[in-house]
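Please open the model in your viewer and keep the selection panel at hand. The tour below moves from one selection to the next and says what is found at each stop.

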Amino acid sequence: MRDEPEQASQALARNLRLVLSQFKRRLQQEVPLGELTSPQLAVLRHLAGVQTATISGLARLEGIKPQSMGGTVAGLEAAGLLASQPDPTDKRQRLFAMTPQAQAMIETMHTSREDWLAQALERNLSPEEQHRLSEAIPLLQHLLQTP
């Protein structure tokens with residue numbers, strides 16, 4: 001039998017997981033990905049942070065086989081969202097980077113989601129509630145850093 005603090009932690013973990021999942025779905029509903037699949041969006045998000053990557057590097061990050069990542073990357077390249085060039089350190093591979101079109105699309109998506117969220121905060125939470133919510137952000141960030 002679990003003791004009371006452990007039960008409280010389990011209940012908090014369950015509630016937080018549920019709320020964050022619902023929150024993520026709501027953000028995605030407000031600003032849909034359009035034609036992009038989740039794996040394609042994951043590739044673009046990664047490339048936004050590191051600038052370039054190989055198919056094998058992207059596959060490792062996503063925990064999938066390079067062949068599967070090849071299909072994802074090919075779709076993005078065909079849509080004009082990725083460009084490639086030979087890898088200067090390994091001529092057998094290609095480095096992929098986002099095109100300006102992809103960068104603009106990601107920026108628009110982020111801006112739209114932030115605008116929706118800012119309006120929802122103003123519409124649904126008092127200034128005091130907004131302040132309390134802002135105080136929770138460092139706690140959530142700390143959880144992300146915990147192994």
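Begin with the second largest pocket, in which about 280 Å³ of space lies. A pocket here is an open set of points on a 1 Å grid over the protein atoms alone, where a 1.4 Å probe fits and protein lies on both sides within 12 Å along at least five of seven lines, and lining residues have an atom within 4 Å of a point. Grid points are joined across faces, edges and corners, and a volume is the space filled by probe spheres set on the points. This is a predicted model, in which local features need pLDDT of at least 70 and side-chain atom pairs count only at pLDDT 80 or more, while totals for chains, interfaces and linings use all residues. Residues are numbered from 1 along each chain as its sequence is written, and side-chain values use heavy atoms, with hydrogens and water left out.

To see the lining of the second largest pocket, select Leu 20, Phe 23, Lys 24, Leu 27, His 110, Arg 113, Glu 114 and Leu 117. H1 and H5 each supply at least two residues of this lining; helices (H or I, at least four residues) and strands (E, at least two) are DSSP runs, numbered from the N terminus. By class, the lining has four nonpolar residues, one polar and three charged, where Ala, Val, Leu, Ile, Met, Phe, Trp, Tyr, Cys and Pro count as nonpolar, Asp, Glu, Lys and Arg as charged, and the others, Gly among them, as polar.

Go on to the largest pocket, which has a volume of about 710 Å³. It is lined by 21 residues, and those closest to its centre are Leu 20, Phe 23, Leu 133, Ile 137 and Leu 140. Colouring helix H1 (4–30), helix H5 (100–124) and helix H6 (127–145) will show the helices that each supply at least two residues of the lining of the largest pocket. Which helix gives the largest share of that lining? It is H6, with nine residues. The lining of the largest pocket divides into 15 nonpolar, four polar and two charged residues.

**Helices that cross**

Two packed helices are described by the angle between their axes and the distance between the axes. In what follows, axes are lines fitted to C-alpha atoms, for helices over the stretch in contact, and angles run from 0 to 180 degrees between N-to-C directions.

Select helix H2 (residues 38–50) together with helix H3 (residues 55–62), which pack at an angle of about 110° with their axes 11 Å apart. H2 and H3 are therefore roughly perpendicular to each other, a term that covers angles of 65 to 115 degrees. In this pair, Ala 42, Val 43, His 46 and Leu 47 of H2 meet Leu 58, Leu 61 and Glu 62 of H3, contact meaning heavy atoms within 4.5 Å.

Six nonpolar, no polar and two charged residues make up the contact of H2 with H5.

Next, show H3 with helix H4 (residues 66–78), whose axes come within 8 Å and cross at roughly 110°. Here Ile 55, Leu 58, Ala 59 and Glu 62 in H3 meet Pro 66, Met 69, Gly 70 and Val 73 in H4.

Gln 51 sits in the loop between H2 and H3, and its phi is near 80°, a positive value in a residue other than glycine. Most residues other than glycine have a negative phi.

Thr 89 lies in the loop between strand E1 (82–87) and strand E2 (90–98). Is Thr 89 buried or exposed? With a relative accessible area of 73%, Thr 89 is exposed, since exposed means over 50%, buried under 20% and partly exposed in between, with a 1.4 Å probe and protein chains only.

Finally, turn to Leu 121 in helix H5, which counts as partly exposed at 26% relative accessibility. Leu 121 touches Gln 130 and Leu 133, not counting residues up to four places away in sequence.

Technical notes. Parallel < 35°, antiparallel > 145°, perpendicular 65-115°, else oblique.
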